[in-house]
Amino acid sequence: MQAYFEALMAQLSAALAPQEGFTCWLSGEDSCFVRFNHGLIRQPGEVRQARLAFSLIGASSADGTLHASAGFDLCHDLAQDSAQLQQALQDLRAQMQELPPDPHFLTATEVHSSTHCGDNQLPDSAAMVDDILDLAQGLDFVGVLAYGAMYRGFANHFGQRNWHQGHSFNLDFSVYQNTDKAVKSSYAGNQWQRAALAAKLEDVRSQLEILKLPPVSLQPGQYRVYLTPTALQEIISMLSWDGVGEKALRTKQSCLRKMRDEGLRLHPSIQLSENTAGGLAPAFSDEGFIKPDSVQLIQDGALVGSLIAPRTAQEYGLATNGADGGEGMSAAHMAGGALAQEAILQALGTGVYISNLWYLNFSDRAHCRMTGMTRFASFWVENGKIKAPLAVMRFDDSLFDILGDKLEALTAQTELLIDNETYEERGDSCARLPGALIRDFNFVL
């Protein structure tokens with residue numbers, strides 16, 4: 001596919017007029033999907049697709065640069081795809097005659113070409129599916145296994161060429177005890193290990209036994225809680241919604257603006273970074289800017305960095321760090337703490353073990369206050385022992401408290417969580433997070 005992309009780009013370069021430039025972004029995948037229901041294969045399928053986003057760049061003036069963009073799916077026939085690209089070139093030339101200059105447009109001018117092709121360490125599909133069917137025997141196992149190659153490419157008229165290709169899998173699943181009682185979990189990575197999946201399903205089986213017990217309903221109030229990495233991911237992912245972006249911080253729309261403007265700090269143990277080197281996404285942006293291996297966002301509880309997209313950099317006279325237009329995290333990494341995995345329940349003592357959260361939203365963005373609900377297997381714990389499943393509760397609390405004064409410990413072990421998004425294409429964002437022990441977590445309903 002890399003050679004195919006470069007052949008298309010060579011034809012495009014040859015078709016440019018003297019004053020024209022371009023950027024192209026290719027996003028594609030060769031993916032397999034296997035849907036399970038009742039522990040059996042419900043629906044297998046394969047997707048091979050690639051989409052090209054093309055921007056034509058025209059003349060620059062004191063008011064900005066002319067540019068226009070188009071996108072289309074590739075059919076993997078060089079003659080047809082080349083014809084589509086040439087037609088797009090003609091269409092964009094016509095559109096640019098009607099467009100004003102863009103004062104915030106910024107494109108990479110220094111050539112930094114790169115190629116990264118990760119080794120495919122996944123077994124063949126039959127081996128992965130056989131492991132799942134074998135280990136899930138006797139369970140009402142429902143889920144989707146997505147795996148295969150994902151690739152991204154960039155090219156511009158300066159001759160820069162970047163290529164990123166990787167292989168990964170994500171098994172997103174639930175196991176039902178009955179009706180609406182279920183345990184939700186996932187297993188993801190780029191190396192398939194039967195033992196790791198077996199351990200997860202063994203944990204699921206033990207939780208299913210507890211779900212058979214009558215649920216406990218708590219009165220609204222404050223309780224000690226343990227958030228699994230999956231539950232914590234729901235909270236941290238809210239920061240990608242105008243939280244750590246420089247544009248949102250400058251326009252006072254960021255939920256973390258009190259950390260920037262007033263020096264508010266989280267617990268000193270909080271270390272959060274955008275760890276591109278440890279993620280699945282490429283180390284270059286769709287505008288050709290090279291991303292650093294890591295951008296430290298929160299250090300020792302203080303906001304020390306932000307994600308800066310090229311448009312923000314141009315508008316405010318800053319240096320971009322290659323962030324995508326939304327300035328959200330694609331490879332969030334939070335450092336672990338000292339709490340051993342086997343000591344979680346003992347450390348929790350009496351309180352709530354929260355496996356999953358959902359339906360999160362901001363209830364007070366200015367104070368980074370969020371609301372959401374517990375999901376699936378969350379449990380009431382007494383004296384370090386799980387006693388009963390928890391009836392669904394709604395929380396409303398501030399991140400400044402949850403990961404501030406209320407934070408008691410982070411687990412030493414962190415977990416890789418891959419985006420299970422499959423709309424239009426498989427997502428390439430991920431997070432590596434610990435679990436968190438928190439006191440006085442605020443339940444409101």
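The model is predicted, so local features need pLDDT of at least 70 and side-chain atom pairs count only at pLDDT 80 or more, while totals for chains, interfaces and linings use all residues. Residues are numbered from 1 along each chain as its sequence is written, and side-chain values use heavy atoms, leaving out hydrogens and water.

**Stop 1: K252**

Select K252, in the loop between helix 6 (246-250) and helix 7 (257-261). Helices (H or I, at least four residues) and strands (E, at least two) are DSSP runs, numbered from the N terminus. K252 has a relative accessible area of 43% and is therefore partly exposed. The classes are buried (under 20% relative accessible area), exposed (over 50%) and partly exposed in between, with a 1.4 Å probe and protein chains only.

Contact means heavy atoms within 4.5 Å. The side chains of K252 and D261 also make a polar contact, at 3.1 Å. A polar contact is a pair of N or O atoms within 3.5 Å; within protein, one must be able to donate a hydrogen and the other to accept it, and residues adjacent in sequence count only if both atoms are side-chain atoms.

Most residues other than glycine have a negative phi. K252 is not a glycine, yet has a positive phi of about 65°.

**Stop 2: K258**

Move to K258, in helix 7. Is K258 buried or exposed? K258 counts as buried because its relative accessibility is 19%. Leaving aside neighbours within four places in sequence, K258 is in contact with G263, L264, A366, H367 and F400.

**Stop 3: the nonpolar cores**

Select I236, L239, L256 and L403, the residues with the most contacts inside the largest nonpolar core, which has 50 residues. Strand 20 (residues 430-443) gives the largest share of this core, six residues. A nonpolar core is a set of buried Ala, Val, Leu, Ile, Met, Phe, Trp, Tyr and Cys residues joined through side-chain atoms within 4.5 Å.

Around I236, show L272, M329, A332, M334, L403 and L433; I236 touches these, not counting residues up to four places away in sequence. Another core, of 35 residues, lies apart from the largest one and includes F36, A136, L171 and V381.

**Stop 4: the cavity**

How many cavities of 30 Å³ or more does a search of the whole structure find? The search finds one. The largest cavity holds about 70 Å³ of space. A cavity is a set of points, on a 1 Å grid over the protein atoms alone, where a 1.4 Å probe fits but cannot get out; lining residues have an atom within 4 Å of a point. Grid points are joined across faces, edges and corners, and a volume is the space filled by probe spheres set on the points.

To see the lining, select E274, T276, K291, P292, V295, L307, N321, G322, A323, D324, G328 and S330.

**Stop 5: E327**

Finish at E327, in the loop between helix 8 (310-316) and strand 12 (331-334). E327 has a relative accessible area of 4%, so it is buried. E327 is not a glycine, but has a positive phi of about 55°.

Key: 1 Å grid on protein atoms, 1.4 Å probe; cavity = no way out; pocket = protein on both sides within 12 Å on 5 of 7 lines; lining within 4 Å.
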